[in-house]
Amino acid sequence: MLTLRRGEQLRARLNAACRRYLSVKAEPKAVVVADAEYTAEPEYPIIRDLSYKSRKQHTASEWHEQIRQLPTVEEKMIKVNMPRYYGYKVVDLNDTKVPYNALPLTQHYTRTVLEELPTHQDKPDGTKDSLEATLQMARADIIEALEYAHDVYKHQLSLLETPPDAVTREQQLTQIIVELVNRSALQVLSADYAHLNEVEIDYNPRHEAFWVVGGVDPPKNVVKSKEGRKWQKEDAHDSVDRPVQYTGEPYLALRHRHQLPTWKSPEESENLTLAQQLPRFKLDARSLGYSVKYQHAVNVPGYWPSANAPNFGMLSFQSRAHLQLRPTACGERDNVEALHALAIQSSYAWLLAQANYHGFNTFNELTYPLNTQTVITNGREWSFYEYQLNTLLINGQHVDTNARVNFCRGTAPQPLYAEISSEGKCVDFNDNTLRQLLELYIRAPSIQRTADELLPYVGGATLRRAADYENVEQREFLERTFKHLASKRPRHLELPEIYMWEKLYKIDNKTRPMEARRRYFERDINPWRRTLDQHDKEYVSKAERPGGRKNREGRYKKTYYP
Amino acid sequence: MRLTNKLCAQHIGWHFKKHWQVQGRRVPRETGAAAELLKMGIRVKTPDELLNKKQEFHPVDIVGIAPKAIAEDQTHPNWHKIACHLFRDNNVLVGGLPQAQVLTNTIEINTFPQQIEDAVSNSQYSKAVDRNVQNAIFSSHLLDAQQVKLPKVKLIERPAFNLPRLYGISHERRNRLVINKLLLEIEKLAGRSVTARRKLMDNVTFQTSVSKDNDLVAITLSGDKLISSSRALDPVKGKFNGELPDLYPMKCVVSMKKQHIYTENNFYPIRSEINCSHPHTIVSFFDKTIVGNIHGSDVTKTQLYGRTLLKAFVAAAARAKQINGVTSCTDLQKPIVVQCVQTDGREFHFGVFQLNTLNLNSSNTTKNYWFHRDSIELFNDCSYKCGRPHLDGYNAEPFRILNAFYHSS
């Protein structure tokens with residue numbers, strides 16, 4: 001009985017299967033659908049390289065794509081910080097120290113081709129006339145300003161019993177000179193050059209930028225760790241990425257609504273052979289004298305993102321006071337190279353920070369070039385630079401494959417005057433230097449782009465900054481988080497650390513087997529993998545809780561991490 | 001360890017120590033040996049004389065990392081017999097404006113001079129200028145990216161609360177930016193003919209000392225911005241009469257610290273030989289975390305006005321003494337006029353001071369003039385509200401007055 005029933009069941013199932021098969025065969029519609037699936041040329045899905053290395057690269061590029069997709073400028077910057085709760089371990093570039101032989105590192109880290117221009121000579125008569133009248137007018141003003149600045153500062157110093165050190169003195173005097181010279185230049189030129197009426201002046205602004213550089217040799221511990229794993233053995237000596245943070249405070253910076261004209265065409269900027277000829281500084285930056293520190297990625301071009309700020313840098317005045325601290329053994333040539341390095345670093349960082357406010361960052365490439373002009377001065381010696389930012393991609397394999405390069409051209413320092421005599425008179429004023437300075441002011445920012453062209457990677461006309469969100473809570477959260485990351489406020493608790501005695505008695509030699517295992521290395525926790533959002537959420541008291549006192553869902557404030 | 005039986009039984013070392021201490025206190029008994037020796041003409045020496053010979057130490061002059069502090073007593077090079085009242089930047093006059101008036105022998109006039117009043121009321125600006133001024137406020141109060149640790153915030157109801165420290169634009173920088181940006185806007189309007197006759201200088205110091213009814217007062221004040229001009233400001237037309245306020249029972253030098261160490265310097269930040277050396281306008285910042293009463297209470301409005309007056313006075317007096325000689329304390333041939341602005345970035349107090357006499361004694365019939373109006377606010381509130389920048393209650397009047405001040409000659 002049992003076997004019979006089992007046999008019937010099987011037969012019924014077989015019949016059903018045959019019927020289904022036959023019906024599929026018989027239906028003409030299905031054939032049409034199947035036809036559409038075929039093409040003359042076979043289109044295979046992309047064959048992914050499933051090796052460990054390429055999977056890593058794939059996840060990285062996916063993350064870069066996620067950053068690109070985010071709608072607002074602030075969210076993009078928070079997103080870059082998401083993987084590191086304690087911040088990145090960054091190479092600390094700043095404008096107060098340029099070590100010996102810093103130019104190759106600077107060129108590698110900023111992917112910049114440096115063109116040294118000869119010092120300015122008298123131009124042929126034709127071009128001279130247009131500027132000559134203004135130059136003469138400005139000349140008298142600026143000589144007076146220089147004499148005034150020197151005299152007043154000297155007089156002020158006489159009041160102090162112990163004058164400040166030489167570097168501070170130079171900074172204070174140069175600040176006065178730069179402000180007065182800028183004021184005179186604007187007054188003389190603004191009648192003829194309308195764009196100068198619209199510039200915004202930043203006094204000692206905060207310029208910071210974060211980027212990631214590839215092509216650096218791996219440190220010893222990374223090599224050792226990779227050599228210990230079979231599947232990574234071959235890649236042990238592959239170059240690694242290095243996060244870099246630039247921090248600077250120029251004397252003065254001028255910004256404008258429009259962009260400066262470019263001086264290198266897109267064809268000239270895209271040159272793989274030129275890119276491969278760039279110096280590559282494969283050693284650790286610490287070998288030169290740079291230091292590293294833990295900090296969040298901060299990008300600030302001197303102001304916070306706002307709706308209608310002048311977003312494009314026009315001119316910045318950098319300090320060279322720290323050059324006094326360099327040992328004389330560095331030599332003349334290296335001092336000039338240090339100035340070039342400072343100009344490249346500061347220009348690149350300022351432009352990168354501006355690019356960040358337009359939705360680009362070190363992982364998302366620029367869609368149009370950015371330009372700026374930089375002056376490095378101590379009041380007497382002036383060097384002039386122009387910078388064109390074409391590319392931001394230096395991370396990972398881009399350092400080898402990216403064909404675009406950035407350009408910087410500039411001069412060696414030239415004196416504006418020989419000296420201020422003991423009577424307070426300016427001796428041997430150099431008209432050529434002044435002319436070059438005025439030319440930087442005269443160059444009108446002329447490039448205007450539509451909003452879509454300017455901000456290709458942001459949410460659209462209605463959603464560019466965090467302030468554009470409709471949700472009040474989200475706006476406040478993003479504003480607060482963004483400023484908190486940028487503030488560099490020290491963490492309440494110290495960074496995690498393995499103490500020396502722990503390394504000896506707990507890790508290398510297990511001498512304390514009876515002790516409770518509470519430390520992170522005993523519990524298999526990597527604290528450096530902690531992400532930015534892994535923290536206790538803010539509690540909402542019952543009185544203020546939306547949805548009533550008993551609402552369990554609203555116990556903690558919502559977070560809006562991207 | 002406590003002194004117990006156990007300890008005494010066991011710790012022989014401790015026991016010996018105690019024994020030694022007791023025995024060490026024993027007084028040697030007089031044996032008469034010393035007297036015998038003296039009789040024989042032998043001098044008796046104590047063991048101390050032989051064993052612990054007196055050694056003379058000479059102090060070594062060690063070069064330290066910082067110069068040694070000079071003792072603040074009568075050996076100090078700046079010590080004077082007569083004590084002097086000192087007034088510096090972090091102090092205010094407790095009696096406020098009336099005290100400042102009596103101290104500087106000044107009568108108060110509650111308007112600006114006629115030409116400034118006219119200039120303020122006649123000024124008409126386009127919408128663009130107003131917008132630029134508002135942008136200047138935004139960019140100095142909100143959008144500047146400096147982030148430094150701000151002073152501690154205390155709740156008055158709960159003074160023991162330790163609130164998280166805020167990071168943001170420092171007070172000094174905020175003021176500097178707002179003044180720089182307003183002046184830039186004014187210079188754009190003025191054009192080159194006016195601006196060429198003015199010079200700007202940051203962080204200047206004025207020093208002067210005056211005597212007032214047998215009291216000596218040394219004043220050192222800073223101007224955070226000095227606008228100097230190539231021509232001195234004209235004296236205000238017209239004669240003004242008024243009475244000095246009565247401070248009784250207070251003296252006009254109250255709340256100023258009295259010291260014997262001081263210098264009677266006169267310092268004006270620009271040498272008189274320079275072309276553009278005449279004082280025109282002084283801008284000074286008011287930061288309530290730095291400036292306060294000596295007894296610690298908050299600064300009142302009248303004290304703020306008094307501070308403005310003193311700033312203008314010290315600039316004018318330092319200039320007058322620079323021209324006429326340090327010792328002069330008579331009526332001036334040509335009065336010196338100085339304009340003064342005090343601001344905390346939001347509230348502005350403007351005044352014009354005319355120095356007619358350096359003789360501050362109350363018997364002098366010539367008085368100095370102080371033209372001012374009550375302070376006014378540039379705006380009510382400028383902050384991030386719900387994650388968006390927000391400016392509330394903008395008032396163009398301070399900008400107009402500042403513009404009139406800049407243009408006056």
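1. Chain B contains 11 helices and 14 strands, where helices (H or I, at least four residues) and strands (E, at least two) are DSSP runs numbered from the N terminus. The radius of gyration of chain B is 33 Å, well over the 22 Å that the globule rule gives for 409 residues, so chain B is more spread out than a compact globule. Here the radius of gyration is taken over C-alpha atoms, and the globule rule is 2.2 Å times the number of residues to the power 0.38.

2. This is a predicted model, in which local features need pLDDT of at least 70 and side-chain atom pairs count only at pLDDT 80 or more, whereas totals for chains, interfaces and linings use all residues. Residues are numbered from 1 along each chain as its sequence is written, chains are lettered from A in the order in which they are written, and side-chain values use heavy atoms, with hydrogens and water left out.

3. Along the principal axes, the C-alpha atoms of chain B fill a box of roughly 110 × 60 × 45 Å. Of its 409 residues, 45% count as buried, that is, under 20% relative accessible area with a 1.4 Å probe, protein chains only. Taking contacts (heavy atoms within 4.5 Å) in chain B between residues at least 6 apart in sequence, 75% join residues at least 24 apart.

4. At the interface, 44 residues of chain B are in contact with 46 residues of chain A. The two chains bury about 3900 Å² between them, 50% of it on carbon and sulfur atoms; this buried area is the accessible area (1.4 Å probe) lost on putting the two parts together, summed over both.

5. Between chain B and chain A there are 6 salt bridges, each defined by a side-chain nitrogen of Lys or Arg within 4 Å of a carboxyl oxygen of Asp or Glu. Arg176(B) and Glu179(A) form a salt bridge through their side chains, at 3.0 Å from N to O. On the side of chain B that touches chain A, α8 (171-190), α9 (192-195) and β5 (198-212) of chain B each supply at least two residues. The largest share, 9 residues, comes from β5(B).

6. Asn402(A) lies in the loop between α12 (398-401) and β12 (406-410) of chain A. Asn402(A) is buried, with a relative accessible area of 10%. A polar atom of its side chain lies 3.0 Å from the backbone oxygen of Leu393(A). Not counting residues up to four places away in sequence, Asn402(A) touches Arg111(A), Leu272(A), Ala275(A), Glu365(A), Thr391(A) and Leu393(A).

Notes
Buried < 20%, exposed > 50% of the residue type's maximum accessible area, 1.4 Å probe, protein only. Polar contact = N/O pair within 3.5 Å; in protein donor to acceptor, adjacent residues only side chain to side chain.
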